[in-house]
Amino acid sequence: MFEQKSLFGHFACFTAYLIFGLNIIVCKDLTSSGAISPIALFTLRSLGAGSLFWIISLFMPKQRVEKSDYVKIFAASVLGFFLTQMFFLMAISRITPMDCSIITSLSPVYTMFIAAYALKEPLTAQKIGGVVLSLCGIIYLILNSVTSSSAVAQTTPLGVLLMIGNSLCFSLYLGIFKPTIAKYSVVTFMKWTFLFASLLALPFSAKEIITLDFAALPKQHIAELAFLIICATFITYFLIPVGQKILRPTLVSMYSYVQPIVAIVVSIYVGMDTLSWQKVLAAVTVFAGVAIVSYSRSKRESNNLNR
């Protein structure tokens, strides 16, 4: 039973971060076009995904939220969605996908230390070694994927700072709010999270959304917007809490290493890159690090059960 539950947690996190990898490419194209501002795009994602969660909740048993937990869910909404996504959407037009990936790969390092402080998650040599191994693999992968120095000119210091803010906020969300997330169903937690996020964003974006001529948007942008709302927001933010309920915060955050791998696979598919032994070696290194951290937790829990 434990193994099946653990595997489902891994599947949820892998799928979510695979979509996050595609999200980098889609957001880059949509925000660079200038058709929709970052705050309006965030609001549309929040309203769209939030509506889906509220609709689903109508067909599920009602779950009462304790009054004291509304403050915690609001804080989780600010860190895990509002600030995280706003930093990302403002950064993506100022940074290349590869540079974006190398910065987000630091997220597990932040999460590991935050979880150690907030949740007393033990810092073992094996866990630290797994994180470092995966980090080395992802850095090696990205460095061997840069084929043109012109990409450097596309990244600005502000873009780098915004992406660091993105990673820190999401790491705080993963490390601090696991107890609250575990207390409620995914639908209950996320419907309130998106409601709070929408209320935060609407004062800054309502005018643009009301006046935006959706009929004039190219079909490609409409398709990208639908992908961002349904897949990169609704599905991913459904799966991440599922993973958080089952896996430790550090392990959940380590799946952020999937993002640059997805970006490279997509670039190879469309003829922008080629497969090399360096990339295969880096991918093996990344997942070896994930396996080490996962084994560290499983072994400790097995020892606890035998006591």
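The model is predicted. The salt bridges come to three in number, and E66, D69, K72 and K183 are linked by such bridges in a network. A search of the whole structure finds one cavity of 30 Å³ or more, and the second largest pocket has a volume of about 190 Å³.

**Salt-bridge network**

- Side chains of opposite charge can pair when their charged atoms come close.
- The side chains of K183 and E66 meet in a salt bridge, with a distance of 3.2 Å from N to O. Because K183 belongs to helix α9 (residues 178-183) while E66 sits in the loop between α2 (38-57) and α3 (67-91), this pair ties together parts that are 117 residues apart in sequence.
- The side chain of K183 also meets that of D69 in a salt bridge, here at 2.8 Å from N to O. D69 lies in helix α3 and K183 in helix α9, so this pair ties together parts that are 114 residues apart in sequence.
- D69 forms a further salt bridge with K72, in which the closest N and O atoms are 3.7 Å apart. Both of these residues lie in helix α3, where a spacing of three residues, about one turn of the helix, separates K72 from D69.

**Polar contacts of two threonines**

- T188, a residue of helix α10, is buried, with a relative accessible area of 6%. Its side chain makes a polar contact of 2.9 Å with the side chain of Q63.
- T285 is found in helix α14 (residues 277-305) and is buried, with a relative accessible area of 17%. The side chain of T285 reaches the backbone oxygen of L281 at 2.8 Å.

**Helix α8**

- Helix α8 (residues 157-176) is made up of 20 residues, and the distance from its first C-alpha to its last is 28 Å, close to the 28 Å expected at 1.5 Å a residue.
- The buried residues of α8 include the glycines G159, G165 and G175, and also among them are L162, M163, F170, Y173 and L174. N166, S167, C169 and S171 are likewise buried residues of this helix.

**The largest cavity**

- The largest cavity holds about 220 Å³ of space. Its lining is formed by 16 residues, of which F20, T84, N166, F170 and Q259 are the closest to the centre.
- Two or more residues of this lining come from each of the elements α1 (2-32), α3 and α8.
- By class, the lining of the largest cavity divides into seven nonpolar and nine polar residues, with no charged residue.

**The second largest pocket**

- The second largest pocket, with its volume of about 190 Å³, is lined by 14 residues, and those closest to its centre are S57, P61, K62, Q63 and K191. Q63 is also the residue whose side chain makes the polar contact with the side chain of T188.
- Helices α2 and α10 (186-211) each supply at least two residues of the lining of this pocket. The largest share, four residues, comes from α10.
- The lining of the second largest pocket consists of eight nonpolar, four polar and two charged residues.

Conventions. Residues are numbered from 1 along each chain as its sequence is written. This is a predicted model: local features need pLDDT of at least 70, side-chain atom pairs count only at pLDDT 80 or more; totals for chains, interfaces and linings use all residues. Side-chain values use heavy atoms; hydrogens and water are left out. A salt bridge is a side-chain nitrogen of Lys or Arg within 4 Å of a carboxyl oxygen of Asp or Glu. On a 1 Å grid over the protein atoms alone, a cavity is a set of points where a 1.4 Å probe fits but cannot get out, and a pocket is an open set with protein on both sides within 12 Å along at least five of seven lines; lining residues have an atom within 4 Å of a point. Grid points are joined across faces, edges and corners, and a volume is the space filled by probe spheres set on the points. Ala, Val, Leu, Ile, Met, Phe, Trp, Tyr, Cys and Pro count as nonpolar, Asp, Glu, Lys and Arg as charged, and the others, Gly among them, as polar. The expected span of a helix is 1.5 Å times one less than its number of residues. Buried means under 20% relative accessible area, exposed over 50%, partly exposed in between (1.4 Å probe, protein chains only). A polar contact is a pair of N or O atoms within 3.5 Å; within protein, one must be able to donate a hydrogen and the other to accept it, and residues adjacent in sequence count only if both atoms are side-chain atoms.
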